[in-house]
Amino acid sequence: MSPPDRRPVAILGGNRIPFARRDREYAGASNQDMLTAALDGLVSRFGLQGERVGEVAAGGVLKRSRDFNLTRECVLGSALSPDTPAYEVQQACGTGLETTIHVANKIALGQIESGIAGGVDTTSDAPIELNEDLRRLLLDLNRTRSTTGRLGLVRRLRPGQVVPALPRNEEPRTGLSMGEHQAISTKRWGIGRAEQDEIAVESHRRLAAAYERGFFDDLITPFLGLERDGNLRPDASIEKLAKLNPVFGDGAGATMTAGNSTPLTDGAAVVLLSSEEWAAEHSLPVLAHLVDAETGAVDFVHGDDGLLEAPLFAVPRLLDRNALGLQDFDFYELHEAFASQVLMTMKAWEDPAFCSERLGRDEPFGSIDRGKLNVTGSSLAAGHPFGATGGRIVGTLAKLLTERGSGRGLISICAAGGMGVAAILEREA
Amino acid sequence: MSPDRYQSLANSAFGGAVTKRLGLPKPPLLERHEPGKPLVSAPVALGAARGGRLEEPVREVLRGLDAHVETDVGSVDGRGELAALLFDASGIDDSVRLRSLYEFFHPLIRALRPSGRVLVLAAPPEDSAGVRGATAQRAIEGFVRTVAKEIGRNGSTAQLVQVTSGAEGAMESTLRFLLSARSAYVDGQVIRIESGHLATPADWDRPLEGRTAAVTGAARGIGEAIAETLADQGAEVLCIDVPTAGEGLSEVANRIGGTSLTLDITGSGAPAALADHIRGRHGRIDVFVHNAGITRDKTLARMSPEAWDAVLDVNLSSQERLNDALLGDGLLGEGGRIISVSSVSGIAGNRGQANYATSKAGIIGMVNALAPVLRERRATANAVAPGFIETAMTAAMPVTAREAGRRTSSLVQGGLPVDVAETIAWLASPASGGVNGNVVRVCGQALIGA
C-alpha cells in the first residue's frame, strides 16, 4: 500500500508559561488558569484574537473530575473565537507530543488548516478524591430509597473515612513509583551516579545560557510574576549535586537523587501548527515541519522492559520508516524524566547485544553527539509538568532549527504506563 | 475613580464649598473624547485680521464638521455659549495691527464655555515679510500663551497654529484634533504646519484604518494607552515590550486585537530582530511609536555609571538604532510616521534626572534632524513631551511632589495616559503629513520649562 497523499505540516511557533516548582508561584493556579494563560500568550504573539482555529488539542494528567471539558473551557476563556473546537488527550508524559501528532495528522489529511496542541499539569492544585469507602457508601445512600435502609447505611460511617485519597505518582499495576521503576532500569543498565549528575548540571547550565541569550523571549510568557522556570539553578555544580542522598532505589547501588530526577512542577505549553497555505495567508513564517511520529509501548508489567524503555524501540522504528539513521540529526531532544533515562537510552542504542537481540539489527543503532543533545537544557532544569513537556520541546526544537537555518531534530519522550512518543522535525534550507 | 482625589473633592458639592472658602484652586473636569459625540457641540466664532489667508480654509474645515459658525458675534453676550474662538492672524504684518487680537477676543472670551478652545492661526515668524511682519507674528505667541493661562481654570485651552505659505490645505487633522476633546491636556502649544504628503481618511474617527503601527513599552501605562488608542482609530498594532513584561503585553495585545512581540530593544540583535519580524509579519510599518523609557533618578554627584548608561541606552540610543534599521531597510514607507515620546524634563531639565533629561532632550534633537530626512520620503518625525501624567509611576511619588506636579499647570491637574495617546494618534494620522519636526507638549501648560 502506498502512503496516502499527505500535506506538509508547518510548526509556526510555541508559547508556554514558565514552569514552577510544586506549591510555589502557581500554588493557587488551576490547570484551566495555566492552559488559558499559555493559549492567550500564543494568541497575542500570532494575532489570533477571534480567529477560528481548526482545533485545540491539549490535556493534563492530574485533573479534577469537574474539568471534564478542560481544553474547551480554556478556549472559551481565551481570546480565540468561541467557534474553535477542542478536546483532551491524556497519555501521561507523552500528552503534549501526542496532541501535536493528532493535530498534525488532521492538517496533513486536509481536515483542518490550523490547530493548537499542548498540555498542562498542576501538582499543586491536585485532585483529591473522597475516601473510597466513603464514596461507595454515599453512592449506596443515593440508591437507597427507604428511610430505614438509609439509616442502616449511615451507621456504616466511620471516622477513618474522612481521610481522602490523594493522587499518587505510581503505576497501578505494580504499585511502584516512576522513580522506583527507573531505579530498576538504572541498575540493570549500569548507569553511574557521576554521569547522571553531569547530565543534570549540563541541563541547568544550558537552560540558563539559553535564557541569557534571549532564546526564550518569544517562547515564554511570564505568568503570576514568574519570569523563568522556578526549578532552574544556573549555579548547579557536580559538587553540589554529589552531596544529595539517593531518593530512588536502595543500598549501595542507589544513584538517583532529587538533583538528577525531575521535580514535580506546574505549567502549561502550547504550539501552533498549520498548513503551508494557512501560514502564508496569515503572513506567519514557518519554523519547521513535523515529518513523522511514532508512539510505542512495552510490557513493563510482565516483560523484561523497564517502565520508561518504550522510546528505545519506538525511535528505531520511526527512523527506519523514514530511511534515516541516528546520525542524520542536528538536534536530539531526549526528555529528561531522569538523567538515567537519557543515559540508558543512549547506552541501549550503542549496545550491540541489545540492538541485535531486541531491535533485530546487525549493527548498533548508533551514538548521539552530546553537543547536539538537549542544547538549551531539558526537563531536569526546566521541570516537567507532565502534559506540558511535549509542547515545550516542540516549540524549542522548531526554534533551534530556525536559528540554525536548516536541519533535522529528533524528539523522544518516555511516558508512564510503559509508553513512549517520538517525532521528527525538519527545516529545509 | 479619578486618580486625583483632590479634583474629585473640589468638584463635589460639599468639598467644593470648603475648598472655595479656603481659597484653594478648583481643578476643572476636562471633557474627553467619547465615541459618537459631535466634535464641536456648540457654536463657534471665527474672526480674521485683514489680509489673512487662513480664514477661508478654516471655514471650509468647520463646514465639514457641521459646526455652527456664529455670524453675529455682536449678539453673543452670555457666558458659556461658544465652544471655540478661532482667529486668523496671518494677515497681521505690523505690531500696531496686533490690536485686532484684542478686538476679537476681548468681547468674546467670557462667552467661551468650559473645556472650550481658542485657536489662533498665524504664519511662522521667520516666513513673514520684513522685520515688522516677523515681529508681529512672534508677538502672537505671548498673547496665546497668556490666554491659555487665563482660561485654564475652566478646562479650556489655547493654541497657536503656524501655517507656512502653501500649507493652507494641510490643516484639517490638526484643527480637528485641537478643537476636539481629544486634545484635552494639550495647552499653550505652538504647532507648525507645512505642506506635506497628505491622505484624507475615509472615516475621520478611524483615520488609521489599514495602517500598521508599532508601540514600544506597550505593556502598561502610557504605552498601553497609545496601543489602545491607535487600535481604536483603526490601526493594526504591534505591541512591543521587554520579555519580563510579557504577561501584561499579551493582555494588551489580545484586548485590542493586535500582536505582541517581546524584545529587549537595547539588545545588540534587536534592530535586526525587529526588522525581520516586521518584514515577515507585516511587510512594512506605517507608524512607529518610541515610547519605552526608564528613569534611574539620582543627583549627578550620586549617579552611578550604570544608571547613566541604562537610561541613555533605553531612552535614546536604542531608538536611534531601531530607526536606522527601519529606514535602512525601507520598512517605514511613504506616509510613514516616527513618533517619539520626549518629556517636559527634556525641555526644562529636572533635578535628579541628568540622565533622563539628557535622553529626552536628545529625542527633540533626533526628531528635528530626522524631519527633513523623512520629508524626502514623504514621511514625518515628531515628538510629544508629556508633563505630569497620572500613571503607576506618579502614584508612587511622595505626596508633596505629586501635588506640586499636578497643580502647577494652567489646567491645575495631571493628565491621563490617554491624553498622550490621543496626541500621538493625531501625529500618526495620514492626514497629518504637514506636521513634521514638531515637539508637542502634553502638559496642561505646565509652568516648568514654559
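This is a predicted model: local features need pLDDT of at least 70, side-chain atom pairs count only at pLDDT 80 or more; totals for chains, interfaces and linings use all residues.
Figure 1. E403(B) is partly exposed, because 14 other C-beta atoms lie within 10 Å, a count between the 12 or fewer of an exposed residue and the 20 or more of a buried one.

**Figure 2. Chain B as a whole, with its 15 helices and 12 strands.** The radius of gyration of chain B is 22 Å, close to the 22 Å that the globule rule gives for 450 residues, so chain B is as compact as a globular protein of that length. Along the principal axes, its C-alpha atoms fill a box of roughly 65 × 55 × 45 Å. Of the 450 residues in chain B, 52% count as buried. Take the contacts in chain B with a separation of 6 or more: 76% of them come from residues 24 or more positions apart.

**Figure 3. The open sheet of 5 strands in chain B, with parallel pairing and the order β1-β2-β3-β4-β5.** At the edges you'll find β1 (44-48) and β5 (190-193) of chain B, each of which pairs on one side only. On average, neighbouring strands of this sheet are turned by 20° against each other, direction ignored. Inside the sheet, β3 (residues 112-122) and β4 (residues 157-163) of chain B run parallel and are joined by 6 bridges. Look for L121(B), which stands opposite V161(B) in β4(B).

Two helices pack on this sheet. Helix α5 (residues 130-151) of chain B touches β3, β4 and β5 of chain B, and its direction makes about 160° with that of β4(B). Helix α6 (residues 172-179) of chain B touches β2 (82-88), β3, β4 and β5 of chain B, with its direction at about 155° to that of β3(B).

**Figure 4. The open sheet of 7 strands in chain B, ordered β8-β7-β6-β9-β10-β11-β12 with parallel pairing.** β8 and β12 (439-442) of chain B stand at the edges with a single partner strand each, so one side of each has no neighbour in the sheet. Neighbouring strands of this sheet are turned by 20° against each other on average, once direction is ignored.

**Figure 5. Zooming in on β6(B), a mostly covered strand in which 5 of its 5 residues are buried.** T212(B), A214(B) and T216(B) point one way from β6(B), while A213(B) and V215(B) point the other way, and all are buried. Strand β6 (residues 212-216) of chain B pairs with strand β9 (residues 285-290) of chain B in the parallel sense over 3 bridges. Here V215(B) stands opposite V289(B) in β9(B). β6(B) also pairs in the parallel sense with strand β7 (residues 236-241) of chain B, this time over 5 bridges. For T212(B), the bridge partner in β7(B) is E236(B).

**Figure 6. Where chain B meets chain A: the contact takes 17 residues from chain B and 18 residues from chain A.** On the side of chain B that touches chain A, α8 (246-256), β8 (259-262) and α9 (270-281) of chain B each supply at least two residues. The largest share of that side, 5 residues, comes from α8(B). By class, the residues on this side of chain B divide into 3 nonpolar, 11 polar and 3 charged.

**Figure 7. Over in chain A, helix α7 (residues 193-212) packs with helix α11 (residues 339-350) at an angle of about 110°, with the axes 8 Å apart.** α7(A) and α11(A) are therefore roughly perpendicular to each other. E195(A), Q196(A), I199(A) and A200(A) make the contact from α7(A), and A339(A), S340(A), V342(A) and L343(A) make it from α11(A). That contact has 5 nonpolar, 2 polar and 1 charged residues.

**Figure 8. Helix α6 (residues 178-188) of chain A and its buried residues.** These are M178(A), G179(A), H181(A), Q182(A), A183(A), S185(A) and T186(A). The buried residues of α6(A) pack against β6 (246-248), β7 (256-257) and α11 of chain A. Just after α6(A), check the backbone at G190(A), which takes a positive phi of about 65°.

Definitions and conventions. Residues are numbered from 1 along each chain as its sequence is written. Chains are lettered from A and ligands numbered from 1 in the order in which they are written. Axes are lines fitted to C-alpha atoms, for helices over the stretch in contact, and angles run from 0 to 180 degrees between N-to-C directions. Helices (H or I, at least four residues) and strands (E, at least two) are DSSP runs, numbered from the N terminus. Angles under 35 degrees count as roughly parallel, over 145 as roughly antiparallel, 65 to 115 as roughly perpendicular and the rest as oblique. Two residues are in contact if their C-beta atoms, placed from the backbone, lie within 7 Å. Ala, Val, Leu, Ile, Met, Phe, Trp, Tyr, Cys and Pro count as nonpolar, Asp, Glu, Lys and Arg as charged, and the others, Gly among them, as polar. The radius of gyration is taken over C-alpha atoms; the globule rule is 2.2 Å times the number of residues to the power 0.38. Two strands pair if DSSP finds at least two bridges between them.
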